[in-house]
Structures are given as structure tokens and as C-alpha cells.
Amino acid sequence: MFYNIIEKYKNFNYDNFFSNISEEKITTIINNSGNKNLDDLDFLALLSPNISNEILEIMGEKANKISTQYFGKEIHLYAPLYISNICDNECTYCGFKHSNKIKRRHLTLEEIEKEAIYIKENLKVDSIVLLTGESSVNTLEYLALAIRLLKKYFSIVVIEIQPLKEHEYKYLYEAGLDGLTVYQECYDEELYKDYHLMGEKSDYLNRLQTPELGGNSNLKYINIGALFGLGNPISESFLSGLHGKYLMKKYLNSEISISLPRIREAFNNIKAKYILKDRYFVQILLAYRIAFPTLGINISTREESYFRDNLIPLGVTKFSGGSITEVGGYSLYHTSSEQFEISDNRSIEEVSNKIKSLGYNPIFKNWVSL
């Protein structure tokens, strides 16, 4: 299991490692990359906080070349659909946490269909991420019925909900489920305890194992990531990258993707403990693309439009657009509280037009397998 790799690097001296990595060595790693996944420490070298602007430019050029080679000039579009914000967990950074006195909503199947029709008619996407709070109210049968309903309108349905058992993922796969998104949030096991105070999400190992349960259940798409702002960006990006590498090696029939969400304000003005600055955000993205050429990279509407657009040539493969993060927010209008604030409020048409202006093709239909 991936925890064995985490244990290997638990007491790793990052400062000492970076102090012994020259820019000449990093340049050599970049020049020799592109044909296969890098070794762990070569990937880590690309995350060095000491990299100059000149080396960062070289990384950008190589990332663009690799991305074009493996993915062409396509950006695949999707939309999130929140169907419940009831949550049993107490995660200190989340707007949905159990103790927050917010408007809660749990959509009926009729309401889910109304949202689906609105998204299909107005956003035109063919891929959707179904999101809920993590709660026992999301019964397996409710989820299966929701997935079957959504498959009437969308070719691809991915879930981002509470971790399930392997047999439950297999049941949802039979109902039409295509993929799974589950963020570890924080790979630092000690810090993880400080952020997750109550509920099933407080089980670090159970959450860490969840992507593998999805892979064992024949799910085609598996998306992971750290929530930047909770832990040290260097170790969090390193371990999340290694997690993606591990999953790619183990599940050859699944497409593995990674996201780079940063903490944004949610209910009660939640703030990040570790600030991930734009420059290092870009460096992480470039390191992912160079180190793992076939890894999908997803950038959500948490990021501002100008910043998001400038990431497109650097290795991004998936974009959300026209996103709403409140339950029933597309067609039922302001019926609940948001999980987090989005920064890119453009319509899907505006996002699509911008992608075209950069020389890329926005793909609304089915995601293409490598």
C-alpha cells in the first residue's frame, strides 16, 4: 500500500537534500525527462525552492512539449454538481463541517434531474463530478439512483463523496459510475489529526487507501490531490506526486489525475496555515508534468481566471467552468451555503473562448483515453 512509501520519507531531510542539488543537476534531469516517470528523488529535485527563474523557464518549455506530445492541444471540460452539503465530519478548514450553522440541503432525485438538465442545456459538458458532504445520509441506493439518472444526460459521472467500501464502489460501477475523486487533503499524518477532529474522515489510513479501492473496482478515472495550505507545500506536493505515480503503476487500465486545490475562504473566513504562492504553484504543476508525462492535471475554479488561463500551456488537461459550489445552485438558486468561494466566475462559454484564443481545443464531449 502507498503508506509504505509515506513511511519511507517520514523523517526525510528536505533541506539537506536541496542544499546538495545543483542547477546543473536539475537541468540534466529536465533534459532527460519525457519518456517515462522519473525516479522519486529526481522528481523531488524539480520541487527545489532554490530553482532560479531561468530554470523555471526551462521547466515550462519542457512541460509544454511533453503535454503536447501526450495530450495534444486539448483541454477537457467538466462541471461539478453538488447534491448535498450535510456532513458528519469536523474538518477545521471546510465550509461544510458539521459544527457550522449553515443552510443544509439534500436534493431529491427530481431536483438532481432538474440540475442535470440545466447543466446539459447551458454548460453543454458531457462529464460531471457529483459532490456531497461526507454523511451517512448519502446511502448507497440513493447514490446509485443518482448515478443512473445522471447517466441519462452525461457520458461520464465521477463522484467526490465519503470513502466507501470496495464492494460499494463495485455496486456503483455496475450502476454506471465512471470515476472517483478523493483528496487526501494532507499527507502529513500528524497534521492530518489536527485538521480532522471528528467523523470517518479522521481515519487517515482509510482515506489514503480509498483510491486503490476505486482502482480495484474497475473505475476508469481516479483523481487525487493535496489541499495546499494545510501542510508544507514541498512535502505535500512530493507525496501527492508519488501517490499519483504509485497509482499509475498499479492501475494500468485507469486514468490517474491530480488536482492542485488551494484553500480559499469558506464559512467563517477560513485561512490557510501554509501559503502557497503563485510561483511555487506553477513550479509544482511543471514538476508533475515533467516527472509524470501521462498524469492528468486538473485546475478548478478556485483559481483566478487570469492565472488559470496562463497555466494551460504548462501541462493542464482538465478544466471546470461555469461552476457552482452550492447545493442546487444551478437551477434552484441560492438554496444552501457554498463549500468554498470560487475565483473564476466566468461562464463556460467565456472559458471555452479563452481556451480557443490560446490555440487549444475545449473538449465538451467524452474525455479521450490515452
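Glu212 is buried, with a relative accessibility of 1%; buried here means under 20% relative accessible area, exposed over 50%, and partly exposed in between (1.4 Å probe, protein chains only). The structure is a predicted model, in which local features need pLDDT of at least 70 and side-chain atom pairs count only at pLDDT 80 or more, while totals for chains, interfaces and linings use all residues. Residues are numbered from 1 along each chain as its sequence is written, and side-chain values use heavy atoms, with hydrogens and water left out.

Glu212 forms a salt bridge (a side-chain nitrogen of Lys or Arg within 4 Å of a carboxyl oxygen of Asp or Glu) with Lys250, and the closest N and O atoms lie 2.7 Å apart. This pair joins distant parts of the chain, from helix α10 (residues 204-216) for Glu212 to helix α11 (residues 233-250) for Lys250, 38 residues apart; helices (H or I, at least four residues) and strands (E, at least two) are DSSP runs, numbered from the N terminus. Lys250, at 43% relative accessibility, is partly exposed.

Over the whole structure, the search finds 16 salt bridges. One of these pairs Lys10 with Glu189 at 2.9 Å, N to O. Here, too, distant parts of the chain are linked: Lys10 sits in the loop between α1 (3-8) and α2 (14-19), and Glu189 in helix α9 (residues 189-195), 179 residues apart. Lys10 is partly exposed at 42%, whereas Glu189 is buried at 17%.

Arg346 and Asp344 also meet through their side chains, at 2.7 Å, N to O, and both residues are buried. They belong to a network of salt bridges that also includes Arg308 and Asp309.
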